[in-house]
Number of protein chains: 4
Amino acid sequence: METLPDVQACQPEYPINLTRVGLTGVKKLVKVLREDEGRPIVLISNFEVFVDLPSDRKGANLSRNFEVIDEVLEEAVNEPVYVIEELCGEIARRVLSKHEYATRAEVKMKSEYIVERSSPVTRTAGQEVVDIFAEAVAKAGHVRKLVGAEVVGMTACPCAQEIMRDQVRKELLTLGLSQEEAFDFAAKLPVATHNQRGRGMISIQVCDRRCVSLDEIIKIIERSMSSRVFGLLKRPDEALVVQRAHNNPKFVEDCVRTMAQKLVEAFEDLPDDAVIVLKQVNEESIHQHNAFAERSATMGELRAELGTEDSASAREVPKR
Amino acid sequence: METLPDVQACQPEYPINLTRVGLTGVKKLVKVLREDEGRPIVLISNFEVFVDLPSDRKGANLSRNFEVIDEVLEEAVNEPVYVIEELCGEIARRVLSKHEYATRAEVKMKSEYIVERSSPVTRTAGQEVVDIFAEAVAKAGHVRKLVGAEVVGMTACPCAQEIMRDQVRKELLTLGLSQEEAFDFAAKLPVATHNQRGRGMISIQVCDRRCVSLDEIIKIIERSMSSRVFGLLKRPDEALVVQRAHNNPKFVEDCVRTMAQKLVEAFEDLPDDAVIVLKQVNEESIHQHNAFAERSATMGELRAELGTEDSASAREVPKR
Amino acid sequence: METLPDVQACQPEYPINLTRVGLTGVKKLVKVLREDEGRPIVLISNFEVFVDLPSDRKGANLSRNFEVIDEVLEEAVNEPVYVIEELCGEIARRVLSKHEYATRAEVKMKSEYIVERSSPVTRTAGQEVVDIFAEAVAKAGHVRKLVGAEVVGMTACPCAQEIMRDQVRKELLTLGLSQEEAFDFAAKLPVATHNQRGRGMISIQVCDRRCVSLDEIIKIIERSMSSRVFGLLKRPDEALVVQRAHNNPKFVEDCVRTMAQKLVEAFEDLPDDAVIVLKQVNEESIHQHNAFAERSATMGELRAELGTEDSASAREVPKR
Amino acid sequence: METLPDVQACQPEYPINLTRVGLTGVKKLVKVLREDEGRPIVLISNFEVFVDLPSDRKGANLSRNFEVIDEVLEEAVNEPVYVIEELCGEIARRVLSKHEYATRAEVKMKSEYIVERSSPVTRTAGQEVVDIFAEAVAKAGHVRKLVGAEVVGMTACPCAQEIMRDQVRKELLTLGLSQEEAFDFAAKLPVATHNQRGRGMISIQVCDRRCVSLDEIIKIIERSMSSRVFGLLKRPDEALVVQRAHNNPKFVEDCVRTMAQKLVEAFEDLPDDAVIVLKQVNEESIHQHNAFAERSATMGELRAELGTEDSASAREVPKR
């Protein structure tokens with residue numbers, strides 16, 4: 001079979017460079033070790049793998065390279081891997097080394113992930129499913145990696161709540177309460193507002209061997225909405241969740257800003273040039289459409305806006 | 001080209017009858033005339049068209065029959081059609097007549113549809129998109145048709161609200177209000193609860209030339225949830241929508257039962273053997289999963305359960 | 001918290017029976033033991049769980065019943081489970097026993113599943129992902145179960161191939177070959193035709209404790225198309241796959257009939273009243289739309305059509 | 001209602017700038033005038049509308065701004081609009097002018113679109129549905145616009161075909177044909193290979209008032225695959241489509257390069273700094289996964305690679 005024609009190595013009809021040539025929709029089993037317990041979970045993950053292609057080569061020889069990519073994936077998943085961005089980084093490095101004509105290899109991965117959570121009052125144990133993803137781009141000598149998660153939570157609208165609170169105060173005055181009493185009571189009450197499922201997303205891109213805790217990312221997203229959501233809520237749990245969400249109303253903008261603040265606080269050791277993307281989508285219960293907010297920035301920019309760049313500088317001092 | 005082989009007319013390898021052979025994912029422009037205004041809307045609709053196939057014929061000759069189906073669709077959409085189940089009925093009848101070996105033809109159609117709605121306080125005009133669908137099955141001599149819609153609305157949970165109301169009453173008592181005052185006030189207050197997008201669905205299957213108002217179906221679904229949703233809400237509108245939803249809390253079960261009641265009330269002339277399916281999915285804001293309820297029944301069964309079968313009988317008297 | 005109001009136990013506003021009340025989109029980890037190796041795989045599966053609800057009860061008390069359903073699921077997944085329809089059956093039985101007001105419980109489950117396959121020439125090992133599903137309905141005293149799979153394969157069109165073959169024969173005659181030589185050669189040649197991804201689906205519903213081999217179902221679907229598809233094909237593998245598919249052209253109808261024949265052959269011990277659904281969708285490369293075929297029947301009907309009911313009767317003789 | 005609290009204008013808890021705040025999933029009717037006929041089609045399009053938000057403002061006041069956005073959309077769609085990127089540009093300009101605190105407004109739109117096409121032999125008329133999209137970003141003084149389309153076609157693999165052709169030649173030699181005859185015949189024959197649906201995508205971003213023909217973009221994508229796909233093919237049409245595709249085999253890389261060449265040829269007047277993205281996804285019939293290729297570049301870069309930059313320079317001379 002050695003004599004089979006190598007069509008891919010021919011000159012293409014038009015000498016155009018290609019930015020990405022590869023595969024999408026590749027499903028593979030990936031073992032993920034979870035922080036909170038010993039045994040790893042084997043998850044079906046969805047991969048995309050690309051290389052660039054020079055203008056003098058017809059094809060990326062995918063019929064031969066499928067094999068390389070697959071071998072790399074198989075081998076890479078044979079040991080428990082917790083850090084999925086490092087898994088992508090390793091695949092990208094090897095794919096690049098196997099394509100002599102390529103200068104850049106890119107790997108993307110998406111998966112579902114399970115976290116253990118217990119309900120707030122009755123402490124009933126449950127599992128929540130979150131979406132996780134990672135990417136890596138390998139070029140000669142260095143790899144840029146990205147990791148992130150998307151988590152569902154609950155958001156309650158502060159604007160509608162303020163309008164409703166105004167009405168409650170007026171009602172209380174008609175009952176004979178004093179202005180002060182009315183204000184105090186209305187302030188304490190979990191006043192009605194529209195609330196809904198929200199989806200928070202954080203991605204972090206780093207340029208070196210540094211790794212980022214996915215579990216920390218997930219916790220930050222959960223805590224940046226009005227409340228977490230739960231698989232199983234007994235009645236006292238449900239009451240507390242509703243009360244908490246109404247005592248912590250959040251615009252879609254607030255969710256993103258809270259993520260930024262918590263991220264800066266939690267990832268003190270991330271370098272200033274780490275690229276951060278924060279997104280929130282609220283599936284508003286009063287509309288068919290969604291509310292959306294996003295911030296794309298470096299860690300350094302977020303630190304500067306929050307006035308924590310001094311501590312960041314301070315933090316860097318030992319390095320000098 | 002007359003001599004091209006007719007592979008489809010051959011004997012199949014295994015003499016198995018087929019229930020459905022046909023096409024899915026066929027997108028066609030359909031003109032829909034709306035009740036509320038003169039000019040029709042041209043919508044891209046998704047069709048499925050099937051016939052049955054006897055065990056002695058290899059293929060439904062789709063290469064030739066594509067043409068028939070397409071011609072029928074083209075011709076049928078050339079006149080303003082408001083009644084989409086009758087459009088499906090006509091296609092099914094013609095498809096059946098063109099397939100000499102078939103005893104049954106089936107057509108399904110899905111589309112988006114626009115309804116004009118204005119906001120509740122400021123009367124701001126807006127458009128809402130709803131999903132509509134229709135089906136028809138033609139056999140020798142008769143056609144069975146189905147029409148329906150799926151509409152997004154807002155639901156507020158009665159159970160969480162009762163628990164929260166209990167807490168409000170206790171708070172009011174500590175403020176020095178009497179038991180009676182506390183109860184009265186808590187009863188009037190739009191007490192906080194979890195609320196969310198819900199999706200209500202009604203389908204109605206009838207056996208004769210009878211047609212069913214799609215706009216009526218859509219209105220029933222909208223009015224069976226805690227509140228409608230809107231494209232554009234100014235601040236006073238938003239306050240009223242939140243208040244209404246909280247004054248009209250509905251379990252997923254309540255939505256289906258309310259649809260049943262309103263359907264029986266609105267479609268007095270539907271025969272007792274019309275088959276009704278009612279569904280509701282609530283995308284609960286406190287969970288990642290959804291709450292679901294469904295009723296499948298005949299109009300006669302729904303009337304009997306609601307105690308309106310007498311009026312139904314009475315209604316039928318003139319026909320005898 | 002004992003005194004919290006039990007809103008669900010109230011009378012509903014409208015006394016309508018409900019066919020299904022429950023949850024959709026419930027994601028749970030399920031351990032699946034694979035036939036071909038020792039260690040189980042833990043997969044994230046998607047569940048739906050329903051009960052019926054009488055007309056005199058407002059809600060299915062989902063806030064309390066969530067707990068029951070979750071406990072049942074947790075417990076059921078704590079032991080290696082290979083037979084997913086029996087997992088659904090067990091959940092349905094227990095859910096029914098916990099809802100004193102329900103007469104029927106229904107459980108549906110969907111998941112991805114991994115099968116090991118090697119390429120046809122170079123025997124390169126690879127994993128293929130298939131979709132699997134199971135359902136169970138429990139009523140007093142008995143459970144009806146269903147299990148099935150959907151698998152991607154390759155189909156090549158026999159009709160276009162015959163037309164192309166006709167052209168090849170004419171060309172060969174102009175080269176000076178005899179009629180016989182031209183026919184022989186054209187018959188051997190893997191003549192070009194449109195080919196594409198197809199999706200085959202089999203579901204089997206049985207009424208007793210009987211279980212059905214999911215791996216057998218998957219193999220039947222794979223072998224009923226023109227060729228299987230593969231994750232990794234080296235060049236000689238790819239050539240063989242293309243050749244095999246072109247030597248085994250299949251209409252969408254042929255795929256369903258082949259599944260029927262192979263099913264009757266492979267599941268000799270399935271009772272005549274087992275309900276079978278066979279579907280095939282071909283994503284035809286020459287169209288934007290798909291070709292579709294389906295057969296719904298009992299095993300008895302399929303056996304009768306294939307003329308194997310005698311052996312079936314013979315098989316049953318010992319039972320009398 | 002003037003006294004309702006303006007929560008959005010408050011200081012946010014954390015002074016973080018936001019890159020994008022707005023709405024997603026907004027469905028609106030858009031009138032599209034087609035090149036090939038007089039009457040416009042009204043299509044349901046999906047919009048996203050964003051502005052940026054400074055760090056000292058809690059919310060983008062979506063409750064009030066919804067109104068602005070909606071009005072702009074309503075008004076903009078009241079006249080026949082063919083050029084969808086200009087529609088997005090106009091919305092972006094107006095949204096920006098209504099948000100005194102914003103420095104940037106962004107609008108995205110997606111829709112389906114209908115093109116009329118007739119089959120290649122029998123000239124049977126038919127409609128094809130393609131996906132179209134447009135975007136615009138408005139900043140003080142200028143607007144950057146993007147327009148594009150995604151079209152389904154058919155691709156046949158050149159590599160598998162060469163291997164099959166090799167086998168055909170060997171067979172022909174055994175029939176007694178000379179080397180030359182065998183080569184000639186094998187070269188003419190539409191030799192079998194795997195073929196499948198492909199999806200080509202072109203987007204073009206321009207910086208000024210310049211508009212780009214969407215119909216031209218669609219034609220280029222169609223002509224860059226092995227063959228177009230059709231809604232209705234009579235038997236002679238189907239034969240010709242299969243033959244054409246097999247006489248024009250294309251790797252996923254070839255499709256992108258052909259799009260580049262045809263784009264440079266067709267859009268002579270596009271400036272060198274126009275940003276082009278070209279993508280192709282082939283849903284390979286022999287795999288579960290897809291083959292993918294992409295090129296992102298400026299028109300100037302594509303011209304340079306194709307050696308057509310001289311004519312481009314020549315073209316620009318008169319402007320100096």
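Biologist: Is C:F50 buried or exposed?

Modeller: This is a predicted model. Residues under 20% relative accessible area count as buried. C:F50 has 3% relative accessibility, so C:F50 counts as buried.

Biologist: Which ring does C:F50 pair with?

Modeller: Its partner is B:F292, in a tilted aromatic pair. The centres are 5.0 Å apart, with 50 degrees between the planes. B:F292 belongs to strand β9 (residues 290–298) of chain B and C:F50 to strand β2 (residues 41–53) of chain C, so the pair joins two chains. B:F292 has 8% relative accessibility and therefore counts as buried.

Biologist: How many aromatic pairs does a search of the whole structure find?

Modeller: Over all chains, the search finds 4 aromatic pairs. One of them is B:F50 with C:F292, a tilted pair at 5.0 Å centre to centre and 50 degrees between the planes. That pair also crosses between chains, running from strand β2 (residues 41–53) of chain B to strand β9 (residues 290–298) of chain C. B:F50 and C:F292 are both buried.

Biologist: Rings can also meet charges. Where does the charged end of A:R169 sit?

Modeller: The charged end of A:R169 sits over the ring of A:F183, 4.2 Å from the ring centre. In chain B, the charged end of B:R169 sits over the ring of B:F183, 4.2 Å from its centre.

Biologist: Now a helix. How many residues does helix α3 of chain C have, and what is its reach from first C-alpha to last?

Modeller: Compare the span with the value expected at 1.5 Å a residue. Helix α3 (residues 158–174) of chain C has 17 residues and reaches 25 Å, close to the expected 24 Å. Its buried residues include C:I163, C:M164, C:V168 and C:L172.

Biologist: Which residue with a positive phi follows α3(C)?

Modeller: C:G176 follows α3(C), with a positive phi near 95 degrees.

Biologist: Which residue of chain A has a positive phi although it is not a glycine?

Modeller: A:R123 does, at about 55 degrees. A:R123 is in the loop between β3 (104–118) and β4 (125–139) of chain A. With 54% relative accessibility, A:R123 counts as exposed. In chain D, D:R123 likewise has a positive phi, near 55 degrees. D:R123 is in the loop between β3 and β4 (125–139) of chain D. D:R123 counts as exposed, at 54% relative accessibility.

Biologist: Let us turn to an interface. How many residues of chain A are in contact with chain D?

Modeller: 56 residues of chain A contact 56 residues of chain D. The two chains bury about 4,800 Å² between them, with 59% of that on carbon and sulfur atoms. A:Y14, A:I16 and A:R257 supply 16% of the area that chain A buries against chain D, more than any other three residues.

Biologist: How many salt bridges does the rule find across the interface of chain A and chain D?

Modeller: There are 4. A salt bridge also joins the side chains of A:R20 and D:E294, at 2.8 Å, N to O.

Biologist: Last, a strand residue. Is D:V107 buried or exposed?

Modeller: D:V107 lies in strand β3 (residues 104–118) of chain D. Its relative accessibility is 0%, so D:V107 counts as buried. D:V107 and D:E48 are 59 residues apart in sequence, yet 5.6 Å apart in space, C-alpha to C-alpha. Leaving out residues up to four places away in sequence, D:V107 touches D:E48 and others, including D:F47, D:V49, D:I91 and D:A134.

Technical notes: Residues numbered from 1 in each chain as written. Chains lettered and ligands numbered in written order. Predicted model: local features only at pLDDT ≥ 70, side-chain atom pairs only at ≥ 80, totals over all residues. Heavy atoms only, no water. Phe/Tyr/Trp six-rings, centres within 6.5 Å; stacked < 30°, edge-to-face > 60°. Helix = DSSP H or I, 4+ residues; strand = E, 2+ residues; numbered from the N terminus. Buried < 20%, exposed > 50% of the residue type's maximum accessible area, 1.4 Å probe, protein only. Lys NZ or Arg CZ within 6 Å of the ring centre and 35° of its normal. Expected span 1.5 Å × (residues − 1). Contact = heavy atoms within 4.5 Å. Buried area = accessible area lost by both parts, 1.4 Å probe.
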